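I open the structure first and then write down what I looked up.

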Amino acid sequence: MWEKVLAVAKRRGFLWPAFDIYGGLRGFYDYGPLGTELKKNIIEIWREYYVLTEGFAEIDSPNLSPEMVFRASGHLDKFEDYMTVCGECGAAFRADNLVSAENADSLGAEDLWYEMRKERIRCPECGGELTKPEPFNLMFRTSIGPKGKKERVGYLRPETAQAMFMDFQHLYRYFREKLPFGAVQIGEGFRNEISPRQGLLRLREFNMAEAEIFFDPEDKIWPGFERYRDDEVLLLPNTGDELQISLGDAVKRGIIKSEALAYFVGLTRSFLLKIGIDRKKLRFREHLADEMAHYADECWDAEVLLSYGWVEVVGIADRTDYDLSRHMEFSGENLKAVRRYAEPREVEVSEVVPDFKKLGPLFKGDAKKVADALRAMNSDTLKGDVALEIDGREYVVPEDSYRVEKVRKKVSGEEFIPHVIEPSYGIDRILYAVMEHNYHEIEEGGETYRILRLPAPVAPVKAGVFPLVPKDGLDEKARLIYENLRKARINAFYDDSGSIGRRYARMDEIGTPFCITVDYHSLEDDTVTIRFRDTKEQVRVGTDRVAVEIADLIEKGGCTAP
RNA sequence: GCGGCUGUGAUCUAGCUGGUUAGGAUAGGGGCUUCCCAAGCCUCUUGCCCGGGUUCGAAUCCCGGCAGCCGCACCA
């Protein structure tokens with residue numbers, strides 16, 4: 001099946017293997033003119049959901065990041081696996097899975113190699129000799145800046161998400177310090193897959209659309225949940241069997257842990273159906289504990305049934321406070337939000353008050369550093385002389401150079417690290433799925449007739465415009481209609497070659513929902529026919545009404561006569 | 001990365017026990033014809049995955065690479 005879909009995609013200009021004239025390279029595709037348009041339309045509808053409807057803020061950040069970002073995000077550690085290969089049968093294994101040491105996954109190449117030899121580990125498949133473990137990271141590494149001292153290690157991002165965490169402070173302020181809010185980013189991600197396969201399903205450079213929704217972990221009630229509460233979804237929880245259930249009930253029964261997460265399951269489902277995913281071939285599967293990403297606490301994948309089997313197209317993960325905490329730790333910046341009280345409260349807190357009259361003479365220029373360190377200590381347990389270590393130097397602070405005081409303070413709120421829910425969409429996979437789910441073959445007189453039944457809003461070409469025959473002024477009239485459609489920002493396609501049937505067929509194959517034909521009748525009463533892809537029905541409308549009608553039909557999304 | 005199968009115009013394919021200008025169909029362009037669903041006629045365009053070897057001569061045999069499919073492994 002995918003061969004057929006990809007064959008049409010290639011022939012008609014949706015997708016081409018990249019670098020084709022040099023033999024191609026696995027895991028890279030070019031989008032042709034129709035594919036680019038289709039992708040654009042899918043992304044535009046995604047924006048309608050996330051940016052226009054939800055009011056989330058879209059940002060756009062670099063593809064290339066300095067190393068520290070992925071130290072903080074965990075991608076460098078968690079994703080640097082050590083691979084060992086069998087010299088006999090060629091099977092590859094993760095070295096840390098073979099050795100019995102408890103901390104195996106944190107060992108380096110040398111230690112793993114030592115362990116492997118100590119335990120006399122051989123190939124679990126055939127008993128052959130294994131090679132020394134080699135680090136393997138799925139991120140593309142490069143260097144930033146000129147060679148030499150100023151050179152820095154950089155990586156192409158494996159997800160767009162990190163920028164939204166790093167920009168948290170800006171975003172928080174942008175949203176007037178109110179939670180929940182969301183940020184989105186649409187862009188490329190890069191993963192150096194060992195073995196890309198199956199067309200668009202595993203690319204090394206791919207398009208993703210991600211949203212990060214920041215919220216107060218004590219308040220996972222989601223304001224707009226009503227919108228999807230009664231939607232029936234097919235769920236596959238990690239604890240039991242597949243079930244059809246409304247999202248409201250799924251939350252009530254604890255199958256999905258929060259309304260917030262369930263909301264994005266509902267939103268995702270609505271989006272996927274709108275762009276043409278077959279509702280019978282869509283389910284949401286909960287990750288098993290051991291397949292969860294290092295940052296996730298709960299994760300539901302939207303999966304679509306393709307000829308390859310069930311394929312993940314969207315991951316909706318509860319990333320908790322993992323990312324913000326890590327970036328706080330690695331950057332030293334404060335990435336917290338404030339939970340404001342209705343009324344500022346008076347609270348009594350104990351505080352360390354350094355006595356500079358004593359500290360000054362004692363520590364001279366270091367006095368301020370010492371005082372800061374003192375203030376940072378737990379005032380409840382502080383007593384007596386205090387030994388401090390700052391920047392490798394030891395200080396002993398005598399008991400009489402500070403005091404602990406109870407202070408009454410006005411507190412207007414408390415700080416906390418927001419939690420994050422992340423719906424992450426693989427655009428390329430979705431685009432392929434939309435094509436496959438809408439690809440139909442009809443046998444007609446021994447010939448195979450292909451129709452791509454794309455919903456009108458995603459179809460790359462909205463309308464074909466034809467003169468029934470290219471003479472007697474029919475062609476001029478058709479060209480005029482074509483021009484008018486384009487002026488109305490409707491992507492139309494003019495064609496006067498060959499027979500009318502052939503032209504309809506061409507449009508059907510690329511998923512064009514409507515065809516407008518100028519016939520001899522048009523010359524008399526200034527009407528033309530609109531032909532509907534899915535039913536081949538035709539209706540007549542006035543020439544001056546065409547652009548409005550088509551715009552209206554696209555809006556409605558259907559592809560049959562009204 | 002390993003193993004199996006495979007690679008001929010845009011697509012499907014013939015040729016592949018080595019031997020002239022690689023044949024067909026579909027698609028595509030131009031023209032004729034045509035009053036609504038791949039009709040017909042004329043005409044034209046595009047190809048042996050890449051590199052090396054064997055040979056007088058390679059699409060054909062051998063080696064390597066690249067790519068595709070399937071299986072294994074991997075997949076934050």
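I started with Lys-280 and Asp-278, whose side chains form a salt bridge with an N to O distance of 3.7 Å. By salt bridge I mean a side-chain nitrogen of Lys or Arg within 4 Å of a carboxyl oxygen of Asp or Glu. Lys-280 counts as exposed, at 69% relative accessibility. My terms here are buried for under 20% relative accessible area, exposed for over 50% and partly exposed in between, with a 1.4 Å probe and protein chains only.

A note on the source: this is a predicted model, where local features need pLDDT of at least 70 and side-chain atom pairs count only at pLDDT 80 or more, while totals for chains, interfaces and linings use all residues. Residues are numbered from 1 along each chain as its sequence is written, and side-chain values use heavy atoms, leaving out hydrogens and water.

Next I looked up Arg-319 and Glu-422, which meet in a salt bridge at 2.6 Å, N to O. This pair links distant parts of the chain, 103 residues apart: Arg-319 lies in strand β16 (residues 309-320) and Glu-422 in strand β21 (residues 419-426). Strands are DSSP runs of E, at least two residues, numbered from the N terminus. Arg-319 and Glu-422 are both buried.

Then I turned to Arg-533 and Asp-534, with a salt bridge of 2.7 Å, N to O. Arg-533 is buried at 1% relative accessible area, whereas Asp-534 is partly exposed at 26%. I also noted one network, in which salt bridges with shared partners join Arg-11, Arg-12, Arg-450 and Glu-509.

Last entry: how many salt bridges does the rule give? I get a count of 32.

Technical notes
Chains lettered and ligands numbered in written order. Helix = DSSP H or I, 4+ residues; strand = E, 2+ residues; numbered from the N terminus.
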